[in-house]
Amino acid sequence: IKSTLLAKHHDYGENNLREFGLLGILIRISDKRARLKNMIYECREPMVDESAMREFIDIAGYAIQVLVMYGTDEK
């Protein structure tokens with residue numbers, strides 16, 4: 001997950017996720033969830049060369065980014 005985060009940080013730029021904030025990250029996670037649903041429950045083979053595990057890694061990465069951006073204080 002760390003290497004994926006660092007690579008995407010390099011590719012997309014330093015402030016990419018901050019541009020649309022938490023809502024933007026939630027939308028991206030929703031997109032990943034939709035792909036997983038299609039791959040796992042609908043048994044559709046993805047046309048893009050990514051596995052279900054790759055999608056889970058991306059979701060974990062987004063969750064980590066939220067913790068980094070907004071802190072871990074529970075309210």
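Ala 63 counts as partly exposed because its relative accessibility is 39%, where buried means under 20% relative accessible area, exposed over 50%, and partly exposed in between (1.4 Å probe, protein chains only). Ala 63 lies in helix H3. The C-alpha atom of Ala 63 is separated by 9.3 Å from that of Leu 26, and the two residues are 37 residues apart along the chain.

The model is predicted, so local features need pLDDT of at least 70 and side-chain atom pairs count only at pLDDT 80 or more, while totals for chains, interfaces and linings use all residues. Residues are numbered from 1 along each chain as its sequence is written, and side-chain values use heavy atoms, with hydrogens and water left out.

## The chain as a whole

The protein chain has three helices and zero strands, and its elements run α-α-α from the N terminus on. Helices (H or I, at least four residues) and strands (E, at least two) are DSSP runs, numbered from the N terminus. Along the principal axes, the C-alpha atoms fill a box of roughly 40 × 30 × 20 Å. Of the 75 residues, 21% count as buried. The accessible surface comes to about 6,000 Å², and carbon and sulfur atoms hold 58% of that surface; such areas come from the Shrake-Rupley method with a 1.4 Å probe, and for residues only the protein chains shown count as cover. Contact means heavy atoms within 4.5 Å. Among contacts in the chain with a separation of 6 or more, 56% join residues 24 or more positions apart.

Helix H2 covers residues 21-40, 20 residues in all, and reaches 29 Å from its first C-alpha to its last, close to the 28 Å expected at 1.5 Å a residue. That expected span is 1.5 Å times one less than the number of residues. Buried in H2 are Gly 21, Gly 24, Ile 25, Lys 32, Leu 36 and Met 39. Seen down the axis of H2, these buried residues fall within an arc of 125°, so they line one face of the helix. The arc is that of the directions from the helix axis to the C-beta atoms. Helix H3 (52-70) is part of what covers the buried residues of H2.

The largest nonpolar core has five residues: Leu 17, Ile 25, Tyr 62, Val 66 and Met 69. A nonpolar core is a set of buried Ala, Val, Leu, Ile, Met, Phe, Trp, Tyr and Cys residues joined through side-chain atoms within 4.5 Å. H3 gives the largest share of this core, three residues.

Met 69 lies in helix H3 and is buried, with a relative accessible area of 15%.

## Thr 4 and a contact table

Thr 4 has its place in helix H1 (residues 2-12) and counts as buried at 16% relative accessibility. Its side chain makes a polar contact with the side chain of Arg 54 (2.7 Å). A polar contact is a pair of N or O atoms within 3.5 Å; within protein, one must be able to donate a hydrogen and the other to accept it, and residues adjacent in sequence count only if both atoms are side-chain atoms.

The table leaves aside neighbours up to four places away in sequence.

| Residue | Residues in contact (heavy atoms within 4.5 Å) |
|---|---|
| Thr 4 | Arg 54, Ile 57, Asp 58 |
| Tyr 62 | Leu 17, Ile 25, Arg 28, Ile 29, Lys 32 |
| Met 69 | Leu 17, Arg 18, Ile 25 |
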